[in-house]
Amino acid sequence: MIRVLLVHDTYLLRTALAALVGRETDIEVSSTAWHGAVGKARAVRPHVCVVDMDSPEAGGPRGVGLLSEDCCDEEGGPSLLALATAGRPGPAGRPGPLRRAFEARALGYVSKNASPGRLIESIRRVAKGERCVDESLGFGFLQAAEIPLTPRELAVLSLAAEGASISEIACSLHLSKGTVRNYMAAITRKTGARNRVDAIRISRGAGWL
C-alpha cells in the first residue's frame, strides 16, 4: 500500500483530490493544509507527499523547505511530488514554485492541467523512486533557471512581500537584522530595483514570488 500525504491549502480541492486518488486500491491518502504539513507527515509517515507549489505558504517558513528538511532527508522518508501550473511565456508562467520544488529535491512534477490518471501514475512512479516531469512544465523550468535570487534571498523577499519588518524577517529566518539588511541590499541590486517595494514589484511581475 502506498501512503500518500496531499498538501493543499484549499479545503474543497484538497478533499476532492484526496477522494479521487483514494479510490485506487493500492493508495491510502491523508491530507492537510501547509501549516500542518510537517506534523502530519511525521504522524502518517507517507511514501509520497503530493504538494501544491502554487500556494504562497509553500515558499514560506513552514513550507516545502521545512517539509524537505524535516521529513524527506530521513532514511525511508517521503518523496516529493510537486503540483504546479504549467509555465508559459510571461509572468503568468510563475517559475518560482518550480524553483522551490527543485531545490527541495522533488522527484516528480505534475501540471495542474494533467489528467487524474497522470497524477496517479506519477504517484506510483515516485513511490518507486523514479523521476517524472510533465512535458508541459518544461518552459517553467527554463524560466526558473533564470531567477537571479538565491533561495535565502527569495525567502527574505517573500516575507518582506507579506509585510514583515526587518526584525520579523530576522526572527522568522533565525538571522541577525544586519544580515537581513545585507540580503535586502543584494536583492535590490540583483533585481535592478530602487528600493524594497520596487524589488517586490519586479519579482512578482517576473513570477519569482
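## A walk through the model, starting at helix H10

Select Asn 195 and Val 197 to begin: at the start of H10, a side-chain oxygen of Asn 195 comes to within 3.2 Å of the backbone nitrogen of Val 197. That is a polar contact (a pair of N or O atoms within 3.5 Å; within protein, one must be able to donate a hydrogen and the other to accept it, and residues adjacent in sequence count only if both atoms are side-chain atoms). Helices here are DSSP runs of H or I with at least four residues, strands are runs of E with at least two, and both are numbered from the N terminus.

Before moving on, know that you are looking at a predicted model, where local features need pLDDT of at least 70, side-chain atom pairs count only at pLDDT 80 or more, and totals for chains, interfaces and linings use all residues. Residues are numbered from 1 along each chain as its sequence is written, and side-chain values use heavy atoms, with hydrogens and water left out.

**Stop 1: the rest of H10.** Now select residues 196-206, which make up H10. Which of its residues are buried? They are Asp 198, Ala 199, Ile 200 and Ser 203, where buried means under 20% relative accessible area, exposed over 50% and partly exposed in between (1.4 Å probe, protein chains only).

**Stop 2: Leu 154.** Stay in helix H7 and pick Leu 154. Its relative accessibility is 4%, so Leu 154 counts as buried. Leaving aside residues up to four places away in sequence, Leu 154 touches Ile 147, Leu 149, Trp 208 and Leu 209; a contact means heavy atoms within 4.5 Å.

Stop 3: Rolling a probe the size of a water molecule over the atoms shows where empty space is left. On a 1 Å grid over the protein atoms alone, a cavity is a set of points where a 1.4 Å probe fits but cannot get out, while a pocket is an open set with protein on both sides within 12 Å along at least five of seven lines; lining residues have an atom within 4 Å of a point. Grid points are joined across faces, edges and corners, and a volume is the space filled by probe spheres set on the points.

The largest pocket has a volume of about 630 Å³. Select Gly 60, Gly 65, Leu 66, Glu 69 and Ala 155, the closest to its centre of the 23 residues that line it. Helix H3 (64-72), helix H4 (95-103), H7 and helix H8 (166-173) each give two or more residues to this lining. H7 has the largest share, with six residues.

**Stop 4: Ser 68.** Go to helix H3 and click on Ser 68. At 4% relative accessibility, Ser 68 is buried, and its side chain makes a polar contact with the side chain of Arg 105 (3.3 Å).

**Stop 5: the largest cavity.** How large is the volume of the largest cavity? It is about 40 Å³. To see its lining, select Val 4, Leu 6, Leu 17, Ala 18, Val 21, Val 29, Val 50, Leu 119 and Ile 123. Strand E1 (2-7), helix H1 (11-22) and helix H5 (116-127) are the elements that give two or more residues to it, and H1 gives the largest share, three residues.
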